[in-house]
Amino acid sequence: MPAPSAGSAPISKPVGFEIKSAQLPLVALLLKSENWSTVCAELQQQYGQGSESADFFDNDPLVIDFSHLPADAAVQDLVPLLKVLRSCNLIPVAVRGASPEWTAAALAVGLVEAPPEVVRVKQAEAVVPVPVKEVVREVPGPATMVVDKPLRSGQKVYARGGDLVVLAMVNQGAEIAADGNIHVYAPLRGKAMAGARGNTQARIFSLCLEPELVSIAGVYRTSENAFPREVHGKAAQVRLSDDGQEKLLIEPLKA
């Protein structure tokens with residue numbers, strides 16, 4: 001930038017605003033079908049007005065992820081999908097993993113291009129360990145919500161960004177959800193959804209497992225498919241298998 005000429009007024013720092021970097025949590029919609037009608041219908045059924053999870057999102061910013069679609073997928077009008085997402089209380093702001101053609105279509109409707117998702121390197125895959133001075137520091141964990149009253153039919157509780165601990169009965173027709181784990185130290189007879197935003201490591205624990213539905217990161221099972229006798233009505237946990245198949249495992253808790 002050229003220096004101001006002699007006699008010109010210096011550029012003053014603005015006092016009415018300040019531009020800073022920000023890190024915001026975003027929800028990602030991972031597209032697995034090119035059929036817009038199917039995607040929109042399933043979104044409306046799961047999170048649309050009148051659905052059981054209509055108030056699950058609260059105007060959360062969203063990235064539309066195209067990385068699982070074929071690279072030569074035909075470009076379609078994004079506007080119908082955006083309208084459905086907004087009706088589910090989601091705010092589409094960006095796309096990622098899209099072809100140049102899809103990206104151009106997204107930019108044309110006001111979205112921006114987001115960088116690919118960062119894949120974190122596991123500790124076992126670290127390249128060269130560097131000796132450092134050990135520093136002991138307490139790092140606060142995610143917030144935990146504690147509910148100590150019974151949940152009646154029609155009541156819903158959602159622990160955003162953390163775990164949920166319930167110290168009383170979750171009756172039939174009640175619904176509990178958490179981005180992290182769910183612990184129920186009482187009979188669980190309603191619906192429980194852990195890892196609500198895609199955390200596949202989340203688990204559900206209950207001292208008396210009798211649920212209408214359990215779900216981990218969107219993989220669910222209902223009471224229509226009877227639970228095994230060794231876990232039904234007993235202390236048990238629900239988790240996803242670690243073999244990459246994302247199978248829902250329901251196992252007894254043993255002392």
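**Touring the helices and cores**

Guide: Residues 24 or more positions apart account for 38% of the contacts (heavy atoms within 4.5 Å) in the chain with a separation of 6 or more. This is a predicted model, where local features need pLDDT of at least 70, side-chain atom pairs count only at pLDDT 80 or more, and totals for chains, interfaces and linings use all residues. Residues are numbered from 1 along each chain as its sequence is written, and side-chain values use heavy atoms, with hydrogens and water left out.

Visitor: Why is α1 called roughly parallel to α2?

Guide: The axes of α1 (residues 36-47) and α2 (residues 79-87) come within 10 Å and cross at roughly 5°. Axes are lines fitted to C-alpha atoms, for helices over the stretch in contact, and angles run from 0 to 180 degrees between N-to-C directions. Angles under 35 degrees count as roughly parallel, so α1 and α2 get that label. Trp-36, Val-39, Cys-40, Leu-43 and Gln-44 of α1 meet Pro-80, Leu-81, Val-84, Leu-85 and Ser-87 of α2.

Visitor: Why do the buried residues of α3 count as lining one face of the helix?

Guide: Buried means under 20% relative accessible area, exposed over 50%, partly exposed in between (1.4 Å probe, protein chains only). In α3 (residues 100-108), Trp-102, Thr-103, Ala-105 and Ala-106 are buried. Down the α3 axis they fall within an arc of 160°, so they line one face; the arc is that of the directions from the helix axis to the C-beta atoms. Exposed Pro-100 and Ala-108 sit on the face turned away from the buried side. The buried residues of α3 pack against α1, β3 (90-96) and β4 (112-113).

Visitor: What makes a set of residues a nonpolar core, and which members of the largest one touch the most others?

Guide: A nonpolar core is a set of buried Ala, Val, Leu, Ile, Met, Phe, Trp, Tyr and Cys residues joined through side-chain atoms within 4.5 Å. The largest has 30 residues, and Leu-31, Leu-43, Ile-64, Phe-66, Leu-78, Leu-81 and Leu-85 touch the most other members. α1 gives the most to this core, with 5 residues. Another core, of 28 residues, lies apart from it, with Val-147, Leu-164, Ala-174 and Ala-192 among them.

Notes
Helix = DSSP H or I, 4+ residues; strand = E, 2+ residues; numbered from the N terminus. Parallel < 35°, antiparallel > 145°, perpendicular 65-115°, else oblique.
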